[in-house]
Structures are given as structure tokens and as C-alpha cells.
Amino acid sequence: MSDWKEKSEQNQKSAGTLINNKLYSPSIHCSYYSNIQLMLHILLNDFNKSESDIDSESQTGSNEEKGFHNWLKNLITRELVTRDFMSVRDFNNFFGQLKSLRIQSDYKNQIIIESRAKGGLDLSKRIIDLLEEKFKV
């Protein structure tokens, strides 16, 4: 197992723990980053990229696609198109909703309520389920 996979699993658990302790805003951050880390694991494990490949490609991709997370999500999306076109809509929808929630949680002067935190964790789990079904994880 790569360190990315382990970090992803830890962030999933952390999101649940934070919600259980009524720390809703930071739970969104953990839910979101568990998906980012799992996608990085997929690059290593399924796409057979090295850490240096990822570093190099992400620098170029981040510039071209306006950010590291956009580059990573778009790379996964392009591969999903070839593997299972029908899953692309769900992936983009779930990821877009979770990213929007993370922006509200991390960068806006807003408090996240329990239902939104639980919704964020649910979105994250749905993304993970989709990724685990379509990629070698």
C-alpha cells in the first residue's frame, strides 16, 4: 500500500471522528483530501507513474489546468472516459459538490452544519467507491 492510500484512509476516518465530535467545518477538509490522496495513489498503483513522473507532470498540468487539484481530477476524468464513460457524470458531479463544500468550509466566512458535514463525507465515500470500482486501488 502506498503512503497516499494510507493517508486517504486516515482522512476518511478523521472526517468521521470530527463529525462525531461536532467539528463539522474541518471534517470537510478531511473528506475532500481523502479523495485527492486516493487519486494520487491511483496514479502510482494503476497508472504506474513514479513519484518523479507525478511531480513533473503535475507542475506542467497545474499551470495548464489552473491548479494541482484541477489537473489531478481532469487526469482521472480523462481515464474514466476510456474505461466507463457512464461513470464520468457521477464522478464530476460528486467531486464538484465536494470541492464547492470544501471552498465554503476552508475559505468562506461560513459555519458548516452537521448535515452538510455528513453530506460531504457521503460524497467522499461515493467518490472512493467509484474510484475503487474503476481503478486498481
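Predicted model: local features only at pLDDT ≥ 70, side-chain atom pairs only at ≥ 80, totals over all residues.
View 1. Phe85 belongs to helix H5. Together with Val81 and Met86, Phe85 makes up a nonpolar surface patch with about 350 Å² of accessible area.

**View 2. Here is the largest nonpolar core, with 25 residues.** Met39, Leu43, Ile76, Phe91 and Leu131 have the most contacts inside this core. Helices H2 (24–45), H4 (68–83), H5 (85–107) and H6 (114–134) each give two or more residues, and H2 brings the largest share, 7 residues. Zoom in on Ile76: leaving aside residues up to four places away in sequence, Ile76 touches Met39, Ile42, Leu43, Phe47, Phe91, Leu131 and Phe135.

**View 3. A second core stands separate, with 10 residues.** Look for Ile19, Tyr24, Ile28 and Leu101 among them.

**View 4. Tyr32 and Phe95 make a tilted ring pair.** The structure holds 5 aromatic pairs. In this one, the ring centres are 5.6 Å apart and the planes meet at 40°. Tyr32 is in helix H2 and Phe95 in helix H5, so the pair ties together parts 63 residues apart in sequence. Both residues are buried. Ring pairs also link Tyr32 and Phe95 with Tyr33 and Phe91 into a cluster.

**View 5. Phe47 and Phe135 form another tilted pair.** Their ring centres are 6.0 Å apart, with the planes at 45°. Phe47 lies in the loop between H2 and helix H3 (51–64), while Phe135 is in the segment after H6, so this pair bridges parts 88 residues apart in sequence. Phe135 is buried, at 5% relative accessible area.

Technical notes: Residues numbered from 1 in each chain as written. Heavy atoms only, no water. Core = buried A, V, L, I, M, F, W, Y, C linked by side-chain atoms within 4.5 Å. Buried < 20%, exposed > 50% of the residue type's maximum accessible area, 1.4 Å probe, protein only. Helix = DSSP H or I, 4+ residues; strand = E, 2+ residues; numbered from the N terminus. Contact = heavy atoms within 4.5 Å. Patch = residues over 30% accessible without salt bridge, like charges linked within 9 Å, V, L, I, M, F, W, Y side chains within 5 Å. Areas by Shrake-Rupley, 256 points an atom, 1.4 Å probe, with all protein chains shown as cover. Salt bridge = Lys/Arg side-chain N within 4 Å of Asp/Glu carboxyl O. Phe/Tyr/Trp six-rings, centres within 6.5 Å; stacked < 30°, edge-to-face > 60°.
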